[in-house]
Amino acid sequence: MSIPVPDHDALAAIAGQYGLAHSSSDIEAYAPIVELLLGSWDVIEELYEAERPTAPERAWTRPDAAENPYNAWYVTTSITESATGPLAGRTVAIKDNTAVAGVPMTNGSATIEGYIPSEDATVVRRLLDAGATIAGKAVCEDLCYSGASITASTGDVENPWAPERSAGGSSSGSAALVAGGVVDLAVGGDQGGSVRIPASNCGLVGHKPTWGLVPYTGAFPIETTIDHLGPITRTVSDAALMLSVLAGTDGKDPRQPSSIETVDYLAALDQGGKGLRVGVVAEGFGHPESEPETDETVRSAIAALSDAGMVVSEVSIPWHRHGAALWNVASTEGAASQMIDLSGYGLNWKGRYDPDLMAHYGQRWRDDGSRMGFTLGLLILAGRYGLDVGHGKYYAMTQNLLPTLTAAYDAALQEVDVLVMPTLPFRAGVRPDRSADLSTRLGSALGMLANTSPFNSTGHPACSVPAGLSGGLPVGMMLVGRRFDDATVLRAAHAYEETFGGFPVPGPVAAPA
């Protein structure tokens, strides 16, 4: 399909958009040269057709309500390609922002409905090669821009601990399915806390790896500098096992360094936690929105770190309180440009794009902007305004300030091995009705990011583990470590888990798929 040749009016409209003082005769002079240049677009399309991937035939089902616990499945499948490997016999839910070839993908949004990827995401390919069974695509929040399970185009996801409460987001379905015992493991995505938030709300282990450790290839981006994929599991050992499978370069993702040391994260757990130095971050407690019960539950859990032989001390990192502001700018201006205007993937990087997804999504939201959810409205209004007023200077200042924030954490991590704080300032909230006022819904969706989001910006590994229950609801404790030292974070988390005696589960637990 050739690119359409622009007529005089189309070129004049573009000139007007940029304020170019071109006369009608100027446009006429440009027109044949533009047409000649656009011939290269046709050549590229013809060449790409010869290499275009073809989606495999894979069976899938859109489950009805009776077959969809917690409203957490978008589609179900049963894809196994190896009978051997470290994950043989284990069922995995894939967050629906991550491509499974031949299986529909929506990224929780009406703007992507109808799209079927042609290639597996790198993490999906690695899971299949390791013997896992892909059990389906788990519901996620609308374009992954919500920390509460209230924005997906397929409806709210319920929390297995309390159905009226948020499962957390944006990896809402992934967490609900693991917590409810429907699958063994899940892949989540994390741009502001979206692995750790639902893990905290659902009483699970959620590990956001070091930025670049796990390839993001084949997952729908929000903003390249904050995109992460990671495991959501019941136990730390399962998270370590999954990370051993998922980690490593694929040569297609610009987020990754050229080489990454291979680490057996599961074997590293055997080193135990004795002697590890733990810094309790003072600024991670007592946020204006913090519940005292949450802070108290985490403080009590920290005692178990001492019981596991770790050396616990208080540390102060004043810049932690600025972290959310830096993330706010990156996740609004950056995402307004990359995820909205430039169809998710953006431009100006070398790696593996999904041109079919870019075209599908870009056209659908432009055909009907009302397909965008309410959290995306906030992103677009704030992000586009910031870009229009500052012409990118605020985003640039944010990126220039990030080394200061990163250095503040790194300085603390020279004195201790891991940092600890509450994952979230409060427990899972009651999901507001979809007819509730906009301010209530926005507060529910985005009001919990103070501790999680800074580490998306700096890239430090961060793992949420259950700190206990308060009022019958799970509370998460977050452990943070040095970049590319995920093993130490998981060691500390595992030692804590063993001292804790294992993590509680909601009941009754659904039968495994």
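The model is predicted, so local features need pLDDT of at least 70 and side-chain atom pairs count only at pLDDT 80 or more, while totals for chains, interfaces and linings use all residues. Residues are numbered from 1 along each chain as its sequence is written, and side-chain values use heavy atoms, with hydrogens and water left out. The largest pocket has a volume of about 770 Å³. There are two cavities of 30 Å³ or more.

**Terms for spaces**
- On a 1 Å grid over the protein atoms alone, a cavity is a set of points where a 1.4 Å probe fits but cannot get out.
- A pocket is an open set with protein on both sides within 12 Å along at least five of seven lines.
- Lining residues have an atom within 4 Å of a point.
- A volume is the space filled by probe spheres set on the points, which are joined across faces, edges and corners.
- Ala, Val, Leu, Ile, Met, Phe, Trp, Tyr, Cys and Pro count as nonpolar, Asp, Glu, Lys and Arg as charged, and the others, Gly among them, as polar.

**Largest pocket**
- The largest pocket, of about 770 Å³, is lined by 18 residues, and I3, W41, E45, P355 and A359 are the closest to its centre.
- Helices α2 (24–51) and α10 (355–367) each give at least two lining residues; helices are DSSP runs (H or I, at least four residues), numbered from the N terminus.
- The largest share, six residues, comes from α2.
- By class, the pocket lining has 11 nonpolar, three polar and four charged residues.

- The largest cavity holds about 100 Å³ of space.
- Of its 16 lining residues, C144, S146, G192, S194 and W327 are the closest to the centre.
- Its lining has eight nonpolar, eight polar and no charged residues.
- The second largest cavity holds about 60 Å³.
- Residues lining the second largest cavity include Y216, K252, D253, R255, W349 and R352.
- That lining has five nonpolar, two polar and four charged residues.

**Packing of α3 and α6**
- Helix α3 (residues 122–129) packs on helix α6 (residues 236–246) at an angle of about 110°, with axes 9 Å apart.
- Axes are lines fitted to C-alpha atoms over the stretch in contact, and angles run from 0 to 180 degrees between N-to-C directions.
- The two helices are therefore roughly perpendicular (65 to 115 degrees).
- V123, R126 and L127 of α3 meet M242, V245 and L246 of α6; contact means heavy atoms within 4.5 Å.
- Five nonpolar, no polar and one charged residues make up this contact.

Methods:
Angles under 35 degrees count as roughly parallel, over 145 as roughly antiparallel, 65 to 115 as roughly perpendicular and the rest as oblique.
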